[in-house]
Every structure is written in structure tokens, then in C-alpha cells.
Amino acid sequence: MIVIDDGSRDASAEIIRGYGERVRSVFGPNRGVSAARNTGVEMARGRYLQFLDHDDLLLPGALESRAGVAERAAADIVYGDWRDLVETGPGEIRPGPVHVLPDPADIADLEAVCATAAFWAPSVALLHRRAFLLRLGGFKSALDMVEDARLLFDAAAAGGRFRRCPGVGAHYRIRPDSTSRSDHPRFIRGCCRNNGEIEAIWRGRGPLSPSQVRALTSMWRHAAMGCAALSLAEFDAARAAYNRLGPSHPAIEAAALLRRGLGPGLTGAMARPALALYDLARGQSGPHASARGR
């Protein structure tokens, strides 16, 4: 077991040191979740890697079951089912829904689906073949948001073998103060950067396929609407990227007109309630805060 303390400012370091030689630990300045995970990948010696963030729960038997699937299927990534644990207040947690992803064999373009994060699982629900993760170069350290979804895209783009391990093997905590929910501007900027990198990868291969166009249209629409609601300067670039893919979107064009007439601040204040209703209709929690809402 490897424990990476990424610059915590509470009692974590003291607790970790209390385990002595039972764990291998590293302490350092805060560099972000991707750098912390990559440090663990470099230190690891096992064939498979299981990441466990400090607020999630790995259930008994999950490691054995996932490793068995990985061995039998020669899988690079094994994904299990998971249940949300929703924090409703201080010390108050209620069980959320169970999430079951489809079989990749039933998905026509897994790479495109991973790009939109429609095929997404939290790190606690995934087991990785270490050699494959090293070949991918680990997590994108430059992305301080959406790095988990990007890793699945990179794995699909590299032809990784995905296999499902049936049954709930993890509990994933939904917290109102998580970074993607409490720092919406940072989250949307991360989406914009990720969108641009994925589009560059695809265009570098040649003309976009229909599934890639659909995926990018969804990704840039989400980014542009988020930028409008949050009064971000990245709105113009996200709008231009969306318009390159096909017909303009009425809501995005309306936001552009309002920004020119009223300014980004007032436009954002007007757009946020509408965006909240849009998220509610899609079953999301908060203004584009859910990773699965990308």
C-alpha cells in the first residue's frame, strides 16, 4: 500500500506516519491529484493498480474480483459498479444510486463516448494494468480537472481492453465542497482545455468521423454554456469551436449578443438560472458540476 500525501494541511501526515512500515508513504507540496497519482504509479511494483481517494470506500472482495477479471480477460482496465454516497449536511450521508456501465462491446465508438465522459467511472471503481498505464504516460498533470475522464479517453484511444467486473465494489462520495462543484470556473476551464486537446488529436488523424463530430459538439456546447453562465473569457473560443462543427446554437448565440450589449457579468447572472434548469432537466447536480455531465 502506497500513501501519497499531496500537501495536506490537517492531521493526515501524522496519521499516515502512525502506520510505520506497513505503508510506503510520500509527503510533499500540493501538486494536484494527477501528479500525486503518477507518483504512486512510479513507486508501485505490482501488476495492477487500484487508486483510492481519501473520501471513497473500497468494499471487501473488490480487489480480488477485479484482479480475477483482469487475469482471465487480459484486461488493461477493469471497471466495477459503484454506489454514490451523497453528503447532505455535516455528518449526514444518504445512499445514492448504483451506477452500472454498459459493456464496451455494445458501444460503437468507445473513444468518442469516453471523450464526452458518458462512459465514466470514478477512480475507486477502476483497476488498472500498471504496464498499460505507464505506456499511456499516466494522468495528464497539466489537467487539474477532468483528468479522470481524460485517462479513460487516452486508454480507449490507445486500444486498451476494458472489461466489467459485475457487482458493487465501491462507494463514491458526492460532496458539495468537492473541487468540481465548488470551483466551477476552474472546472469549465479544465473542460475547455481538455476539449481542445482531444479535438487536436482527432483532427491530427484526418477528417472527423460523425461520432467525433457529435462528441465534440456536445463537449463544446457544454463548455460554451458554462463559460457564459460563469462570465469566463474563454466563452468566445468555446463558441468558435462549437460553430466550426456545424450550425450555431440559439442559446450560445443569444449569450454572445448579450455579452456584447450587457457585458459578461450581467449575461452570466441572467444565464445561470436557465443553466440550472437545463442541468436539472438532465439529472445533474449543480451548474455543470458533475463529471458525468461533461
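Start by selecting Arg37 and Phe139 in this predicted model. The charged end of Arg37 sits over the ring of Phe139, 5.2 Å from the ring centre.

Where in the chain do Phe51 and Phe139 lie? Phe51 is in the loop between strand E3 (48-50) and strand E4 (57-58). Phe139 is in the loop between helix H5 (130-136) and H6. The pair therefore ties together parts that are 88 residues apart in sequence. Both phenylalanines, Phe51 and Phe139, are buried.

Next, select Trp82 and Trp120. Their ring centres are 6.1 Å apart and their planes stand at 85 degrees, so this pair is edge-to-face. Trp82 belongs to strand E5, while Trp120 is in the loop between helix H4 (110-115) and strand E7 (126-129). The tryptophan pair thus ties together parts 38 residues apart in sequence. Buried or exposed, Trp82 and Trp120? Both are buried.

Select Tyr79, Phe119 and Phe162: ring pairs link them into a cluster. Then go to Arg17 and Phe27. The charged end of Arg17 sits over the Phe27 ring, 4.0 Å from its centre. Across the whole structure, a search finds 6 aromatic pairs.

Now turn to charge pairs. How many salt bridges does a search of the whole structure find? The count is 17.

Select Arg164 and Asp81. They form a salt bridge, and the closest N and O atoms are 2.8 Å apart. This pair links distant parts of the chain: Arg164 is in strand E8 (residues 162-174) and Asp81 in strand E5 (residues 77-89), 83 residues apart. Colour the two by accessibility. Arg164 counts as partly exposed because its relative accessibility is 33%. Asp81 counts as buried because its relative accessibility is 4%, under the 20% cut-off.

Stay on Asp81 and show its surroundings. A polar atom of the Asp81 side chain lies 2.9 Å from the backbone nitrogen of Gly167. What else is in contact with Asp81, leaving aside its neighbours within four places in sequence? Its contacts include His99, Val100, Cys165, Pro166, Val168, Gly169 and Ala170. Arg164 and Gly167 are also among them.

Move on to Arg150 and Glu197. Their side chains meet in a salt bridge, 2.6 Å from N to O. Arg150 lies in helix H6 (residues 147-157) and Glu197 in helix H8 (residues 184-205), so the bridge ties together parts that are 47 residues apart in sequence. Arg150 is buried, at 3% relative accessibility. Glu197 is partly exposed, at 26%.

Arg193 is partly exposed, with a relative accessible area of 43%.

For the last stop, select Lys140, Arg150, Asp154, Arg193 and Glu197 together. What joins these five residues? Salt bridges that share partners make them one network.

Technical notes:
Residues are numbered from 1 along each chain as its sequence is written. This is a predicted model: local features need pLDDT of at least 70, side-chain atom pairs count only at pLDDT 80 or more; totals for chains, interfaces and linings use all residues. Side-chain values use heavy atoms; hydrogens and water are left out. A salt bridge is a side-chain nitrogen of Lys or Arg within 4 Å of a carboxyl oxygen of Asp or Glu. Helices (H or I, at least four residues) and strands (E, at least two) are DSSP runs, numbered from the N terminus. Buried means under 20% relative accessible area, exposed over 50%, partly exposed in between (1.4 Å probe, protein chains only). A polar contact is a pair of N or O atoms within 3.5 Å; within protein, one must be able to donate a hydrogen and the other to accept it, and residues adjacent in sequence count only if both atoms are side-chain atoms. Contact means heavy atoms within 4.5 Å. Rings of Phe, Tyr and Trp (its six-membered ring) pair if their centres lie within 6.5 Å; planes under 30 degrees apart count as stacked, over 60 as edge-to-face and the rest as tilted. A charge sits over a ring if NZ of Lys or CZ of Arg is within 6 Å of the ring centre and within 35 degrees of the ring normal.
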